[in-house]
Amino acid sequence: MGPARSRPSWRSWPSRSSWPSRSSWPSRPAAGSRGPAGPAGSRPSAASAASARTPDPKRLLDLALGTLLLALAAPLLTAAACALALRRPPGGIVARELRTGLHGYPFTVRSLRTRRWRLDLLSRLPHVVSGTMSLVGPAALAPEDPRAAAPWRQSVRPGLTGPAQLRRRSTLPWDEPELLDQHYVEHHWIGLDLAVLARTLPALLPPRTQGHLSDADHRPPGYSATG
């Protein structure tokens with residue numbers, strides 16, 4: 001048998017006066033609390049949590065209207081894809097282009113290889129439904145374009161159309177479309193999106209042929225080229 005173990009005497013115990021006071025004990029967390037969150041021990045406020053759950057009105061518009069437009073354009077896009085497949089264009093019927101999206105993340109834009117009735121624009125509607133693009137926004141630029149690195153441009157999703165796209169073929173200076181895109185990003189709201197979409201719809205229609213002379217024609221009455 002081993003040596004007997006000696007029990008500590010009660011005289012060696014610490015006195016009651018040396019015990020820690022109740023005020024120095026750690027406080028008990030309130031009911032429902034899960035303790036500190038994050039490195040600083042702070043918990044997100046109720047306002048920030050509520051804002052995170054609040055849906056973005058612009059995204060709701062893109063999802064609702066984008067889905068409706070895609071459903072309406074699906075038969076036309078299917079017919080155009082079949083016609084392109086019969087023609088067998090070089091590179092296939094779908095064009096793929098790398099573009100810079102939200103927060104600077106690159107993504108591939110897929111569109112039909114046609115400009116008839118702007119079907120290439122309508123064929124990008126799946127990107128709107130999936131959330132990589134928006135109906136209205138700044139132009140989608142290639143990653144190698146230096147303008148794509150602007151923080152204000154990367155703060156929103158690129159759009160199928162926008163103020164700059166509507167006036168791209170006008171006689172504006174080169175930097176004017178960039179200013180229009182930046183102005184849109186800083187002041188966009190649902191009313192502005194609807195106004196831009198209303199101006200975009202006529203551009204999707206086929207051009208009308210004019211059967212009369214233009215106002216710039218100043219030939220005298222009775223003029224004949226066969227003289």
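The expected span of a helix is taken here as 1.5 Å times one less than its number of residues, with helices (H or I, at least four residues) read as DSSP runs numbered from the N terminus. The model is predicted, so that local features need pLDDT of at least 70 and side-chain atom pairs count only at pLDDT 80 or more, while totals for chains, interfaces and linings use all residues. Residues are numbered from 1 along each chain as its sequence is written, and side-chain values use heavy atoms, without hydrogens or water.

**View 1. Helix α7, residues 176-187.** At 1.5 Å a residue, the 12 residues of α7 should span 16 Å, which agrees with the 16 Å between its end C-alpha atoms. Pro177, Glu178, Leu180, Asp181, Tyr184 and Val185 of α7 are buried (under 20% relative accessible area, 1.4 Å probe, protein chains only). They cover an arc of only 160 degrees around the axis, which places them on the same side of α7; the arc is that of the directions from the helix axis to the C-beta atoms.

**View 2. Serine 123 in the loop between α3 (119-122) and α4 (125-130).** Serine 123 is buried, its relative accessible area being 13%. Leaving aside residues up to four places away in sequence, serine 123 touches Leu77, Arg110, Ser111 and Leu112 (heavy atoms within 4.5 Å). Arginine 113 lies 10 residues from serine 123 in sequence and 9.6 Å from serine 123 in space, C-alpha to C-alpha.

How values were computed: Helices (H or I, at least four residues) and strands (E, at least two) are DSSP runs, numbered from the N terminus. Buried means under 20% relative accessible area, exposed over 50%, partly exposed in between (1.4 Å probe, protein chains only).
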